[in-house]
Amino acid sequence: MVEETQGRKIVTYRTSKSYLPKQLCNLCGKLVTNITVHLDSHANDRKYACPHCPVRMTNKGNLVKHIHAVHLKLISKTCKICGKGFTNNNSYLSHMVARHGIGDRYTCTLCSRIFNHKSSLYDHMRRAHSHVRNLACEICGKSFKVNRALKMHMSVHSTEQPYPCGKCPKRFKSSYARKIHELTHSGIVFECALCGKSYRYKSLLNIHMKKIHPQTVEQAEEEESAGNSMNSD
């Protein structure tokens, strides 16, 4: 159902608590209920390898777009209103909706939350309104609703810490964790842009944001997801 609200279209999806949303496969365009299992069917199709990172793709044209957007940071679209440039069309569309109110938005009929992207609505339905946890950890069996949560969990089982801090004996599992830690040696503090509260560690600021300003966090994740959806394949 499409509604008009202050000149903006809001697309509403009627659903129920037992609704299991489908995900779009970026490789073949199919809508599937279990994207992890489906992607296994494409495992042998990704013959085009990126020379800059481990990404492999099924289409040479998509690989070129990936290199331009992710590694060369080439601007492919510019906002005519504010002049901001974007490396892919998804990021541009997300910007237009979030910053200028131009474009379709999608609302959840169970809680009335509104999203800038259909994929964000699907993700919200899985996290907030579905009890189905069909993504299981192969090591401990713990199950998750979304693939992102499973990937974050897998680091718990890893003992490797290949990223050492250059200023103290600490080591980390990822370069991002090391980067955040090294900021503590520089005297930098992380301040909340919404209320001014500051923290020594970014992880504490993230906890604060999710607890005190959850809608702002979800909007930021939504825009990031839109930008990454094209770069993933």
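Helices here are DSSP runs of H or I with at least four residues, strands are runs of E with at least two, and both are numbered from the N terminus. This is a predicted model, where local features need pLDDT of at least 70 and side-chain atom pairs count only at pLDDT 80 or more, while totals for chains, interfaces and linings use all residues. Residues are numbered from 1 along each chain as its sequence is written, and side-chain values use heavy atoms, leaving out hydrogens and water.

Let's start at Leu93, which sits in helix α3 (residues 89–100). Leu93 is partly exposed, with a relative accessible area of 40%; buried means under 20%, exposed over 50%, and partly exposed in between (1.4 Å probe, protein chains only). Its C-alpha atom is 9.5 Å from that of Asp104, 11 residues apart along the chain.

Now look inside. A nonpolar core is a set of buried Ala, Val, Leu, Ile, Met, Phe, Trp, Tyr and Cys residues joined through side-chain atoms within 4.5 Å. The largest one has 6 residues: Phe190, Cys192, Tyr199, Leu205, Met209 and Val217. A second, separate core has 5 residues, among them Cys108, Phe115, Leu121 and Met125. In soluble globular proteins, nonpolar side chains tend to be buried together.

Is Ile207 buried or exposed? Ile207, a residue of helix α7 (residues 202–212), counts as exposed because its relative accessibility is 54%.

Finally, compare two stretches of chain. Residues 77–100 are 50% helix and 17% strand, with end C-alpha atoms 16 Å apart. Residues 163–187 are 32% helix and 16% strand, and their end C-alpha atoms lie 21 Å apart.
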